[in-house]
Amino acid sequence: LRFLLAFVGGYGFSAAASSALASLFALAGVVRAEAAVFASMLGFLVYLVVLLWAFAARSPRRVALLLLGGSACAYGVAQLGTGLSEPLLSLATRRS
């Protein structure tokens, strides 16, 4: 169970965190391609930390709950950031 949580749950969490970070970087004014590459690089670090933490944690239940909750929050931030960036991009192109 811990193995499955670490690898599958860690992958899901790091993917959600990477997309959230890319959205936040794009909102901060970083070029979208650079934001995606930088967030992907950070995603590898996040995955490593989650893998190590999943095997070091005391209970698999806590790992599962935190990975599910964290993934849901990161997915929400990514969706919110994507939804916010479209109006901002249209304003930027309209002014120039």
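At what angle do H1 and H2 pack, and how far apart are their axes? I looked this up before anything else.

**Entry 1: the model.** I note that this is a predicted model, in which local features need pLDDT of at least 70, side-chain atom pairs count only at pLDDT 80 or more, and totals for chains, interfaces and linings use all residues. Residues are numbered from 1 along each chain as its sequence is written, and side-chain values use heavy atoms, with hydrogens and water left out.

**Entry 2: the chain.** I found three helices and zero strands in the chain; helices (H or I, at least four residues) and strands (E, at least two) are DSSP runs, numbered from the N terminus. The order of elements from the N terminus is α-α-α. I recorded that 26% of the 96 residues count as buried, where buried means under 20% relative accessible area, exposed over 50%, and partly exposed in between (1.4 Å probe, protein chains only). Of the contacts between residues at least 6 apart in sequence, 73% join residues at least 24 apart; contact means heavy atoms within 4.5 Å.

**Entry 3: H1 and H2.** The answer to my opening question is an angle of about 150°, with the axes 7 Å apart. Axes are lines fitted to C-alpha atoms, for helices over the stretch in contact, and angles run from 0 to 180 degrees between N-to-C directions. H1 and H2 are therefore roughly antiparallel to each other, a term for angles over 145 degrees. I counted the residues of this contact by class: 21 are nonpolar, five polar and two charged. Here Ala, Val, Leu, Ile, Met, Phe, Trp, Tyr, Cys and Pro count as nonpolar, Asp, Glu, Lys and Arg as charged, and the others, Gly among them, as polar.

**Entry 4: two serines of H1.** I located Ser-18 in helix H1 (residues 2-27). Ser-18 counts as buried because its relative accessibility is 14%. Leaving aside residues up to four places away in sequence, Ser-18 touches Ala-39, Ser-40 and Gly-43. The side chain of Ser-18 reaches the backbone oxygen of Ala-39 at 3.4 Å. Ser-23 also has its place in helix H1, and Ser-23 is buried, with a relative accessible area of 10%. With residues up to four places away again not counted, Ser-23 touches Ala-78, Gly-81 and Thr-82.

**Entry 5: Val-49.** Is Val-49 buried, exposed or partly exposed? I found that Val-49 counts as partly exposed, because its relative accessibility is 48%. Val-49 lies in helix H2 (residues 32-56). The C-alpha atoms of Val-49 and Gly-10 are separated by 8.9 Å, although the two residues are 39 apart along the chain.

Methods: Polar contact = N/O pair within 3.5 Å; in protein donor to acceptor, adjacent residues only side chain to side chain. Parallel < 35°, antiparallel > 145°, perpendicular 65-115°, else oblique.
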